[in-house]
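Hi everyone, thanks for having me. Could you bring the sequence and the structure up on the screen, please?

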Amino acid sequence: MSVHSLLCERIAIAKELIKRAEALCRSRKGGIGGGSKLCSKLKAELKFLHRVEAGKVGIKESHLQSTNLTHLQAIIESAENLEEIVGVLHVFTYEDKFGEKQSLVVDVIANNGHTWVKAIGRKAEALHNIWLGRGQYGDKSIIEQAEDFLQASCQQPVQYSNPHIIFAFYNGVSCPMAERLKEMGISVRGDIVAVNALVEGTKEDLHLDSSGSDDGALSYGGCYFIFKEKVLTEQAVLEREESVLPVLEEFMKGKELFACESAVKDFQVILETLGGPGEKSRAALFMERVTVVPNQPSERALRLVPSSKINRRSLTIFGTGDALKAITMTANSGFVRAAANQGVRFSVFIHQPRALTESKESSATPLPKH
């Protein structure tokens, strides 16, 4: 994508986000604390993009992809998906572990103050590299930020209990980082993805599974598989709440199975990184049933406006299923909803996430015998 095309896209997104932020504030009786601040930041971002468009500011394509707009978009999407919002971009003052006064910005305060949300728009690989000490000078890792949130929340009780913390990742989070956050008592929302940096890590870095996301942890360790039936007469979203594996096996029975190149590549990275010997063996047998096809997203998929939920990878995978007139089997309901909001309804089979767990069994604590 050219710089001009990317700039036009970012301007369109900024205008859409301003409308959504204003609508969000109007929809809440009495408004939202910090709502005007959010709108002001979005308008400032749009003004900056217009200056770039007019040639008054020079900017690289990489900078356009990592403007504040990504973070502001993540905040809005978090607020739209939560209940009882009382504040956005709220600043709390607290004492750190050394007794020094610090300030902390909470992106969204939900559940009448009982829930704090940090919306994170940076890409999973960049976040993981910062955690491993490969970031730029001054970069603070997500784990360090989580420690700050925990320290601050202990000093801001609501009805005698500390606010619950959610880290919402809108461009994915690596499996080890997600696991570490959950160990700290922080809920993780978003796609748990394969990150190339993981391959360079130590064995201890690679023992974690790919579960833990409401919308994003992907079936069979990160891969969307496409299932083609002889006749597809209507767009349908099928949701299942039963035990996952029997449902998956029943749905796949007697069907011709396809997966696009991007999905298979990601699947193989996650399997190699996280899979145990038995899981790798079963995956090899499973892949013998799958026909790998080139990435070939449909025209209507390519018309979708990118967002935190509609990234190029997901667009390619779902769009390829659409081009094949196939049902796409996925745990990524976030993309499905976001596409539907833009008027594009994909034929999908939505299921609960399946995790790779075999590599954790050696260190697991046995259940007590009764």
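This is a predicted model: local features need pLDDT of at least 70, side-chain atom pairs count only at pLDDT 80 or more; totals for chains, interfaces and linings use all residues.

Let's begin with strand β3, which covers residues 115-120. Is this strand mostly covered or mostly open? It is mostly covered: six of its six residues are buried.

Now, what sits beside β3? With strand β2, residues 101-110, β3 pairs in the antiparallel sense over three bridges. As an example, V108 has V117 in β3 as its bridge partner. These two strands make a hairpin, with four residues between them. In that turn, look for N111, whose phi is positive, at about 55°. With strand β4, residues 164-169, β3 runs parallel, and six bridges join the two. Here W116 has I165 in β4 as its bridge partner.

In soluble globular proteins, nonpolar side chains tend to be buried together. In this model, the largest nonpolar core has 32 residues, and L38, L42, L69, I75 and V108 have the most contacts inside it. Several elements give two or more residues to this core, including α1, α2, β2 and β3. The largest share, eight residues, comes from α1.

Let's zoom in on L42. Leaving out residues up to four places away in sequence, L42 touches L17, I18, A21, L69, L72 and I76.

Note on methods
Residues are numbered from 1 along each chain as its sequence is written. Side-chain values use heavy atoms; hydrogens and water are left out. Buried means under 20% relative accessible area, exposed over 50%, partly exposed in between (1.4 Å probe, protein chains only). Two strands pair if DSSP finds at least two bridges between them. A nonpolar core is a set of buried Ala, Val, Leu, Ile, Met, Phe, Trp, Tyr and Cys residues joined through side-chain atoms within 4.5 Å. Contact means heavy atoms within 4.5 Å.
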